[in-house]
Amino acid sequence: MSNPFSQNTKMADLILANSRLLSVLPYFGINLGFGEKTVKQVCNEKNVSIPLLLLVCNSYTFDNYSPSNLDLVQLPIDGIIRYLENSHKDFLEIQLPQIIDNVLDLVNACQLKNGYLLYSFCERYRQETVAHFQYEEDIVFPYISELLKGIQNKKYNIKEYKGNHSDIDSALTDLKNIIIKYLPPECTIEKCKEILQNLFAFEYNLTKHTLLENNILITVVELLEKKYSS
C-alpha cells in the first residue's frame, strides 16, 4: 500500500500494511477483532478521533507523510495528550522494563565481568526517560489543558518546552553500539537478538512519538496561543 490510509481503509489493512501499528492501536483503546470494519466505523464505535488515528498511523507507516493544515485544525489536542500519556505508560511500564530484563539475561548468558556497567547504563537511561516524561505530564500537559479552557499562563509558553525538549534517543544508539560492536565473542547473535530487536522497536516508537510532539503538538499549541494572545 503506497497511498496514505483514509477513513475508508479497512482497519485490518492498516496492520497488514504495517505490523508496527500493533503497538499503537492500544493507545487508542482499539484491539483486534474488527472484522471488515473501516477506520471510520471503528473510530466511531470507540469514540476515537478519525483525523488523529489517521495522522498517527500514516506517520508511522509513510516516512514522507505530512498532514495538511486542514488535518491539523481537525486534531483534538486533548486527544493527542491522552495518546501521549498512554504511550508514556507503555514505554515506562512495559517496553523499558523488558529491555532491562533483556540486559540482565544477556549479562547472565554471557557471564560478563563488567555486566553491572551495562545494567547501570540502562538504569540511568530509564531515570532520564522518567524525568523527561514527568516534565511533560507535570508541566506541559496541564499548561495545554488550561489553555484549552481559555486560561493562559503568562509565565509559560510552548516555546519553553520546544527549547528544552531533551533528546532521549542518543543513549539508545550508544547502547546498540555497545552490544553490536564491543561485547565479547561469546555474546553471539542468538544471545543478543532479542534485546536488539526490542531496542530497535523501542527506538522506532520513541522517534515517532517525538515527531508527534515536535511537529504536531507544538505546532497546534502555538496556533492556540496565538489565538488567545491576539
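**Helix packing and pockets**

Guide: In this predicted model, helix α2 (residues 39-46) packs with α3 at an angle of about 125 degrees, their axes being 10 Å apart.

Visitor: Is α2 roughly parallel or oblique to α3?

Guide: The angle between α2 and α3 is about 125 degrees. Angles of 65 to 115 degrees count as roughly perpendicular and those over 145 as roughly antiparallel, with the rest oblique. The angle therefore makes α2, relative to α3, oblique.

Visitor: Which residues in α3 do those in α2 meet, and how does the contact divide by class?

Guide: From α2 come Val 39, Lys 40, Cys 43 and Asn 44, which meet Ile 50, Leu 53 and Leu 54 in α3. By class, this contact of α2 with α3 has one charged, one polar and five nonpolar residues.

Visitor: Which element gives the largest share of the lining of the largest pocket?

Guide: The largest pocket holds about 280 Å³ of space. Its lining has 16 residues, and those closest to the centre are Ser 59, Tyr 65, Leu 211, Asn 215 and Ile 216. Two or more lining residues come from each of α3 (50-61) and α9 (189-229). The largest share, five residues, is from α9.

Visitor: Which helix gives the most to the lining of the second largest pocket?

Guide: About 190 Å³ of space lies in the second largest pocket. Its lining includes Asp 78, Gly 79, Arg 82, Tyr 83 and Asn 86, and divides into six nonpolar, four polar and two charged residues. The helix that gives the most, with five residues, is α5 (residues 77-110).

Technical notes
Residues numbered from 1 in each chain as written. Predicted model: local features only at pLDDT ≥ 70, side-chain atom pairs only at ≥ 80, totals over all residues. Heavy atoms only, no water. 1 Å grid on protein atoms, 1.4 Å probe; cavity = no way out; pocket = protein on both sides within 12 Å on 5 of 7 lines; lining within 4 Å. Points joined across faces, edges and corners; volume = space filled by probe spheres on them. Helix = DSSP H or I, 4+ residues; strand = E, 2+ residues; numbered from the N terminus. Nonpolar A, V, L, I, M, F, W, Y, C, P; charged D, E, K, R; others polar. Axes fitted to C-alpha atoms, helices over the stretch in contact; angles between N-to-C directions. Parallel < 35°, antiparallel > 145°, perpendicular 65-115°, else oblique. Contact = heavy atoms within 4.5 Å.
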